[in-house]
Amino acid sequence: MPTSIDVFAKAREHERLEQLRAARELDALPYFRILEGPTLPVVEMEGKRRIMLGSNNYLGLTGDERVKQGALDAMYRYGTGLTGSRFLNGTIDLHLELERELADWLDAEAALVFTTGHQANLGALGTILGPSDTVVADSGDHASILDGCLLSRAKLRPFRHGRMDRLEHTLQKAAGDGGGILVVVDGVFSMEGDVAPLPEIVELCRRFGARLMVDEAHALGVLGARGAGTSELFGLEDEVDLRMATFSKSLASCGGVIAGPADVIEFLRIQSRPFMFTASGVPAAVGAALAAVKICRSVEGRELFARVLDNARYLHSGLSDLGFRVVKPTTLTDGTEVVTPVVPVVVGDDWKAALLWRALFHAGVYVNVALHPAVPPGGALLRTSVMATHDRATLDRALELFSTAKRTFEAEHGPLPGKS
Ligand SMILES: Cc1ncc(COP(=O)(O)O)c(C=O)c1O
């Protein structure tokens, strides 16, 4: 008998359809806006120059001549695409050079380059874990981590974001599951920009015999003296078993990497399906990432890391002074504050976030909007982020526009959450 259930029904009765339609009608849809030029501190977007405070181009390297030349040289030498997987016909010497550079930078035995960061998480978690294992993940972890956990069919035990008492409790339960245990956290959480308390996490992993993987997507090229991420910042590079990073943020390109023990990396190279069964990144992406890594590892890298964090501090205090509720930087147990390039403004209500976004967009600033499930329900954010290449005049102008947008918004829709 034929089924009466249409698999397309989900698409047609999607709970967000109505919201999407209303947002489009009001020109308040923050997603899929069209860039008409490169991602720089000021961008051309839908017919207007707008200050870009919504990119992950933390070091501003997408506009760097050396990085562009790296992409061009690779494209001219190897062509526009490799038309095959790394496993078969898609590995070029630039991949191997990039893997050596990354392993050295991250002080790891070996590294494996994937086509995207999403695939790196999928490829590591989905291969290292199996159905008899348990994976313990922070509830704020990136979606690609969750996808990797689901792919592995390991028992998934999430714990409440950043709560070490919950991690301990979850590990106690995981210890009773009878398999291996992997804890996986973002080093810097992508939406709120807060930092995982790695010293406590490492200590708990040791106590329960668990392995630890850290996603350094938003920390590579930003935190630590060498820019090697949160593991370096905390002096824990030897204690973190696997590190993931992406090329789509500070490295101004596209791709991902897993770094760790040589035997585990070799296992991924021959067993990881998201590595083996997808086309290799285009040569231009590999060439650009390699050029960006070289800049990060030079003296200039250190200046760029300092500059992006300085800009983050400036934007943070400017927005707080205007009365916005800005998520505070993480304070470590010794009282040090860890600033990251992500400076989120708390709005709370989804509609208010979209309308404030619209006021800013019309004024000439682009920011990202994070709604549930990217953030907890009722925790809508304007996720602003800075680049090392934003100058003070541009940030000052952005703050003026934020002030105007706030006044316009509050006159029509009532007060935004105030400074906490
Ligand atoms: C924390 C985190 N991990 C992984 C990824 C995936 O990286 P990619 O964009 O290279 O697929 C992202 C990117 O959005 C991220 O923010």
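Residues are numbered from 1 along each chain as its sequence is written. As the model is predicted, local features need pLDDT of at least 70 and side-chain atom pairs count only at pLDDT 80 or more, whereas totals for chains, interfaces and linings use all residues.

Reader: How many Å separate the centres of domain 1 and domain 2?
Author: The assignment, which is automatic or from a database, gives domain 1 as 18-53 + 298-413 and domain 2 as 64-296. Taken over C-alpha atoms, the separation of the two centres is 26 Å.

Reader: Which element gives the largest share of the side of domain 1 that touches domain 2?
Author: Counting residues as in contact if their C-beta atoms, placed from the backbone, lie within 7 Å, 18 residues of domain 1 meet 13 residues of domain 2. Two or more residues on the domain 1 side come from each of helix H13 (299-321), strand E12 (342-348) and strand E14 (380-385), where helices (H or I, at least four residues) and strands (E, at least two) are DSSP runs numbered from the N terminus. The largest share, 4 residues, comes from H13.

Reader: Which strands stand at the edges of the open sheet of 7 strands?
Author: The sheet has mixed pairing and the order E3-E9-E8-E7-E6-E4-E5, two strands being paired if DSSP finds at least two bridges between them. One side of each edge strand is left without a neighbour in the sheet, because each has a single partner strand, and these edge strands are E3 (110-114) and E5 (155-159).

Reader: In E5, what is the bridge partner of alanine 137?
Author: Strand E4 (residues 134-138) and E5 pair over 5 bridges, in the parallel sense. Within E5, the residue bridged to alanine 137 is proline 158.

Reader: At about how many degrees to E5 does helix H7 run?
Author: Axes are lines fitted to C-alpha atoms, for helices over the stretch in contact, and angles run from 0 to 180 degrees between N-to-C directions. Helix H4 (residues 93-105) lies across E3 and strand E9 (256-260), at about 130 degrees to E3. Helix H7 (residues 164-175) lies across E4, E5 and strand E6 (181-186), and its angle to E5 is about 160 degrees.

Reader: Is the crossing of H5 and H6 left-handed or right-handed?
Author: The axes of helix H5 (residues 117-128) and helix H6 (residues 143-152) come within 8 Å and cross at roughly 35 degrees. A crossing is left-handed if the near helix is turned anticlockwise from the far one by less than a right angle, and right-handed if clockwise. For H5 and H6, the crossing is right-handed.

Reader: Which helix gives the largest share of the shell around the ligand?
Author: A residue belongs near a molecule if its C-beta atom, placed from the backbone, lies within 6 Å of it, and of the 14 residues around the ligand, Gly117, His118, His142, Ala217 and Thr246 come nearest. The largest share of this shell, 3 residues, comes from H5.

Reader: Which peptide bond is cis, with omega near 10 degrees?
Author: Its proline, Proline 373, is found in the loop between strand E13 (365-370) and E14. The cis bond runs from histidine 372 to proline 373.

Conventions
Two residues are in contact if their C-beta atoms, placed from the backbone, lie within 7 Å.
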